[in-house]
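Reader: Could you walk me through how to read a few features here, with the general idea before each case?

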Amino acid sequence: MYFSDLQKFINHLDATGALKRVKDQVDPYLEVAEIVNRVCKESDNNRALLFEDVKGTTIPLIVNAFGSTHRTASALGVECIETLANKLKLDLDKSAEKESGKALLDLIQAKGNLEKINEAHLQSYLQCGKGLHDLPVLHSWPQDGGRYITLGQVFTQDPDSKIQNCGIYRLQVVDEQTALIRFHPGSGGGDHLQAWHADGVAMPIAIVLGGPPTLTWCAGLSLPSGVTETAFISYLTGHSIDLARCRNSDILVPANAEIVIEGMLSPDDVSDEGPFGNHTGYYTEVSPAPVIKIQSVYRKESAVYPCTVVGPPPMENVYLAEANERILLALLQHDLSWVVDVHLPLEGIYHRAAIVSIDEHGETATEINQLLRQSKLLKNSRLIILLDRDCDLHDFREVYWRVINADCWERNEVLAGRMIDARKSTKRNRIII
Ligand SMILES: Cc1cc2nc3c(=O)[nH]c(=O)nc-3n(C[C@H](O)[C@H](O)[C@H](O)COP(=O)(O)O)c2cc1C
């Protein structure tokens with residue numbers, strides 16, 4: 001089932017018993033996060049939570065909506081993420097284009113115009129009189145530097161080409177008209193900011209809360225350059241996204257967003273952001289981040305505010321990352337046909353360690369390492385463990401056994417980005433009963 005907006009997905013979760021409505025008043029300062037942290041770790045009670053009465057605001061709050069493998073797949077309109085990964089792989093296999101980014105662009109172009117512009121939307125939205133203070137923004141952990149918007153889809157444009165980027169970047173609320181944004185180096189939004197500021201010009205920004213849940217997931221996916229999140233997700237799901245122009249800039253955002261926040265980032269305007277209790281389970285250090293001067297905040301009359309709580313894993317973001325792994329693997333295999341499987345274990349906070357099985361082939365471990373690290377999926381891995389194709393990467397005991405018993409440790413090459421090459425380990429001498 002495809003959900004064109006967040007509230008349709010919420011209704012589905014409710015109807016299928018995957019959502020708990022909380023009617024008692026809750027405090028966005030620490031209390032909501034404390035409840036979420038417990039619920040998302042309970043194996044038989046892990047549900048999405050809709051807090052209907054949040055202290056200090058009239059807007060309800062949905063959290064943990066993507067908080068299981070099944071809920072994330074449902075948000076994407078499928079029973080199982082492999083359905084979408086297989087479709088992508090099959091389409092890529094048919095492409096004559098060798099490089100995955102170009103092949104993907106061809107696939108998207110072949111589908112025609114996947115984004116529809118519908119200017120009528122957003123016109124009827126209500127202005128939030130108290131700006132960011134109208135929203136039920138959480139302060140999750142005791143030492144956080146303030147309240148954080150955690151599931152905002154941040155839309156920016158390249159100043160010249162006007163090609164859009166949409167990514168999830170955390171935003172610290174300073175006051176009702178000011179926020180700070182954390183772009184990691186190399187992020188699409190951060191690159192756009194550099195380009196605007198290189199010309200000495202302030203960058204417009206639009207932060208969307210809600211809209212199609214497919215796009216919320218896709219905003220956390222690192223796509224090849226030139227591929228926009230809106231076009232990619234429309235191609236992948238087969239459903240085009242209605243877009244509408246913002247009130248203060250020509251940025252196009254989902255026409256059925258719950259809430260839209262618009263602002264500007266001026267050159268040289270930075271301020272200290274953090275600490276922030278992040279997905280590793282540790283606080284980040286305080287450091288300078290770009291300042292957003294808010295121009296307007298507007299919302300549907302019946303808006304629901306979506307957010308997530310990140311912290312000691314497993315939490316909701318783990319399931320978003322799990323789906324990323326399966327989709328990005330299809331792109332990696334198009335570029336490197338000898339990659340059999342990839343697993344990014346939760347214990348490595350997904351992007352920090354990767355286990356990769358490959359077919360026997362000519363390159364040295366050093367060359368393999370370099371090739372793997374060029375991919376979007378493995379570029380941030382601190383550690384890559386290489387194994388033979390017959391190893392089930394999702395069987396932790398098997399992986400551990402092979403790595404610990406590797407019979408060729410002295411031949412392993414330790415590189416700047418570390419790698420354990422356990423391919424030859426134990427295989428030949430193994431006792432099979
Ligand atoms: C809940 C959540 C929070 C995130 N916070 C940040 C962040 O603060 N800064 C950042 O650069 N990336 C953050 N990410 C990762 C980016 O969303 C991800 O790398 C995405 O690919 C960025 O899009 P881009 O490749 O267009 O920059 C977050 C992801 C999720 C799911």
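Author: Gladly. Domain bounds come from an automatic or database domain assignment. For this protein chain, the assignment gives domain 1 (6-61), domain 2 (106-307) and domain 3 (336-421). This is a predicted model, where local features need pLDDT of at least 70, side-chain atom pairs count only at pLDDT 80 or more, and totals for chains, interfaces and linings use all residues. Residues are numbered from 1 along each chain as its sequence is written, and side-chain values use heavy atoms, with hydrogens and water left out.

Reader: How far apart are the centres of domain 1 and domain 3?

Author: Taken over C-alpha atoms, the two centres are separated by 38 Å.

Reader: Which residues of helix H6 are buried?

Author: Helices (H or I, at least four residues) and strands (E, at least two) are DSSP runs, numbered from the N terminus. Buried means under 20% relative accessible area, exposed over 50%, and partly exposed in between (1.4 Å probe, protein chains only). In H6 (residues 188-198), Gly189, Gly190, His192, Leu193 and Trp196 are buried. They lie on the same side of H6 because they cover an arc of only 160° around the axis; the arc is that of the directions from the helix axis to the C-beta atoms. Gln194 and Ala198, on the other side of H6, are exposed.

Reader: What do the buried residues of H6 pack against?

Author: Contact means heavy atoms within 4.5 Å. The buried residues of H6 pack against strands S7 (153-157), S8 (164-168), S11 (203-210), S14 (257-265) and S16 (287-299). After H6 comes Gly200, with a positive phi near 75°.

Reader: At what angle do the axes of H5 and H9 cross?

Author: Axes are lines fitted to C-alpha atoms, for helices over the stretch in contact, and angles run from 0 to 180 degrees between N-to-C directions. The axes of H5 (residues 100-110) and H9 (residues 316-335) cross at roughly 115° and come within 9 Å. Ser100, Ala103 and Leu104 of H5 meet Leu331, His334 and Asp335 of H9.

Reader: Is Lys300 buried or exposed?

Author: Lys300 counts as buried because its relative accessibility is 15%. This residue sits in the loop between S16 and strand S17 (305-307). A polar contact is a pair of N or O atoms within 3.5 Å; within protein, one must be able to donate a hydrogen and the other to accept it, and residues adjacent in sequence count only if both atoms are side-chain atoms. The side chain of Lys300 makes such a contact with the side chain of Asp5 (3.1 Å).
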